[in-house]
Amino acid sequence: MSKWEARGADIEPMPELQAVLDTALARADRASAERFRLLIQAGTAARAAAGRRRGSAEKSPSSSSAAAAASAPGISPVVRPAAGAGRSVRATRAAAVSAEPAGRGPRTSVRDRTLAPGRLRPRRRPDQLGVSGPSGPELQPVSSPGGPSGPQANGAPDWSTDPLVQLRVPEVPEGGAPTVSPSLACAPPEGLESTWVTARAHAPEPQVGHVTVGRSDVEAVQETVSFFSRVDHRRGGGHARTAVLQYLTSDVSAFLHGRFADDEVRRQMFAAAAELACLAGWMSYDDAEHATAQWAGSIAVKLAAEAGDAPLTGFALRAMSRQVLDLGQPDRSLDLAAAAVSGARYQRAVPRERALLSMGQARALAVAGDRPAAMVALRQAEAELASASASDVEPDRVFFVSQASLAHQSGCVLRDLGDLRGAQEAFERSVQSRQRSRFPRAHAITLGDLGDVQARLGRHDDAVATWSQALDAMSGVRSARTRAIARRIRVMTASKPVRVAGSEELAARVEHYLAG
């Protein structure tokens with residue numbers, strides 16, 4: 001390896017070694033393959049930069065493309081150092097990963113105790129390793145923003161892209177690469193719907209033959225969302241996700257392009273479509289299809305904004321915040337979480353939904369390392385949930401928010417802040433109060449988190465028993481998050497210095513689940 005790095009692009013592997021490398025890449029998981037792709041890109045950039053510099057003085061590391069990205073509205077680019085001649089691929093990649101965003105958009109709320117950029121990626125102590133979600137590579141900057149009514153030149157939408165245009169794309173983005181567009185991973189601008197609504201107002205009337213939309217059509221979409229939402233909570237995002245996406249891009253897209261009985265029906269249809277898009281995004285996130293998740297989530301935010309449903313907009317932004325948090329982007333997660341609780345999005349929501357939005361903000365603040373602000377948000381969530389009443393007229397989308405949800409999120413916040421004993425108590429409360437038959441996925445994830453904390457506290461016997469219950473709850477669930485729990489169990493049981501009773505049986509069950 002030292003010879004390989006020293007000679008860089010000049011070295012050529014022997015055929016036997018190349019065959020081994022090709023086999024290893026083919027067998028690698030999706031995240032490893034994506035990291036390899038980024039390494040190759042970094043090495044190619046380094047060699048290209050070295051070639052351009054031959055025979056001329058070395059230019060400034062600032063590139064015109066980075067300057068263009070920084071000037072584009074709604075984009076918070078990741079600025080990377082230029083790769084110099086002779087720089088190894090490993091060194092170039094290490095510098096790229098450690099690069100911080102050059103600029104941050106203004107926050108949309110004063111509720112979030114705004115953080116200094118330098119505190120957004122705190123260095124974790126050894127005893128905090130593994131407490132957050134799986135980290136992905138840095139978000140890649142979008143090179144060319146598009147106009148107010150169309151997608152960007154490279155096919156990636158931004159906040160100015162008309163959601164109806166996004167729904168007309170030939171294919172839903174798939175592939176599962178853990179990268180998302182930074183223009184959508186930051187808080188949307190105020191009045192984001194003005195550009196495309198204004199442009200659409202001057203568009204010609206729908207042609208004869210376009211569907212006429214009435215109240216019964218709205219009810220059909222609402223019933224479909226309610227049904228598939230409960231399927232998602234019971235069976236995971238891997239069940240029926242493609243059906244939800246197909247329904248969104250076919251029938252519901254046709255409704256949105258149709259003729260409406262009146263303005264109230266139009267508003268209701270756009271809100272119902274927004275809930276469906278949010279569900280499609282959440283199911284895709286749960287199934288580790290991150291490109292699809294962000295695509296659908298951004299459509300949900302835009303449709304909800306056009307419907308004038310501020311709480312629904314906040315609901316969708318909270319889901320997008322959770323996705324980028326699990327992809328290792330706490331600063332962008334904070335932007336989205338703050339936007340979710342800003343103004344009417346929070347004030348007009350019912351107490352149960354306000355509790356959910358505050359939980360999302362607490363999670364983002366905890367991972368960012370701001371203990372005081374995270375605890376304030378968590379207490380706010382507790383107060384809001386306590387004030388919820390059976391007489392409240394609540395949207396169906398918050399049916400899953402309960403004391404068990406609050407206890408689980410509290411445990412995650414305390415764990416990410418380093419309070420393992422407090423996290424253990426919160427996870428145990430969640431396990432005891434969860435309606436397991438209705439929410440087996442959430443129950444399995446909570447048990448997995450509880451087992452992790454027990455193992456880190458040295459309670460290995462309890463951890464093995466808890467993880468065994470988690471595997472029981474995973475039966476019939478198709479979710480990348482439960483599979484991530486199983487992989488963590490495999491690592492923890494294999495690395496434990498002393499085997500405890502039941503650990504070998506547990507390891508065999510994990511392999512069986514992952515092979516299914």
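Which residues have the most contacts inside the largest nonpolar core? They are V221, L248, L256, M269 and L303.

## The model

This is a predicted model; local features need pLDDT of at least 70, side-chain atom pairs count only at pLDDT 80 or more, and totals for chains, interfaces and linings use all residues. Residues are numbered from 1 along each chain as its sequence is written, and side-chain values use heavy atoms, without hydrogens or water.

The largest nonpolar core has 85 residues. Helix 10 gives the largest share, 15 residues. A second, separate core has 26 residues, including A455, I485, Y513 and L514. A nonpolar core is a set of buried Ala, Val, Leu, Ile, Met, Phe, Trp, Tyr and Cys residues joined through side-chain atoms within 4.5 Å. Buried means under 20% relative accessible area, exposed over 50%, and partly exposed in between (1.4 Å probe, protein chains only). Helices are DSSP runs of H or I with at least four residues, numbered from the N terminus.

Take M269. Leaving aside neighbours within four places in sequence, M269 is in contact with V213, D217, V218, V221, F255, L256 and F260. Contact means heavy atoms within 4.5 Å.

## The cavity

The structure holds 1 cavity of 30 Å³ or more. About 70 Å³ of space lies in the largest cavity. Helix 10 (263–286), helix 11 (290–307) and helix 12 (310–326) each give two or more residues to its lining. Among the lining residues are C278, W282, A293 and M320. A cavity is a set of points on a 1 Å grid over the protein atoms alone where a 1.4 Å probe fits but cannot get out; lining residues have an atom within 4 Å of a point. Grid points are joined across faces, edges and corners, and the volume is the space filled by probe spheres set on them.

## Helix 20

Helix 20 covers residues 460–473. At 1.5 Å a residue, its 14 residues should span 20 Å, and its end C-alpha atoms are 20 Å apart, which agrees. The expected span is 1.5 Å times one less than the number of residues.

Buried residues of helix 20 include V464, W467 and L471. The buried residues pack against helix 19 (440–456), helix 21 (480–495) and helix 22 (503–515).

## Two loop alanines

Most residues other than glycine have a negative phi. A240 has a phi near 70°, a positive value. A240 sits in the loop between helix 8 (215–235) and helix 9 (241–256). A288 has a positive phi of about 65°. A288 lies in the loop between helix 10 and helix 11.

Methods: 1 Å grid on protein atoms, 1.4 Å probe; cavity = no way out; pocket = protein on both sides within 12 Å on 5 of 7 lines; lining within 4 Å.
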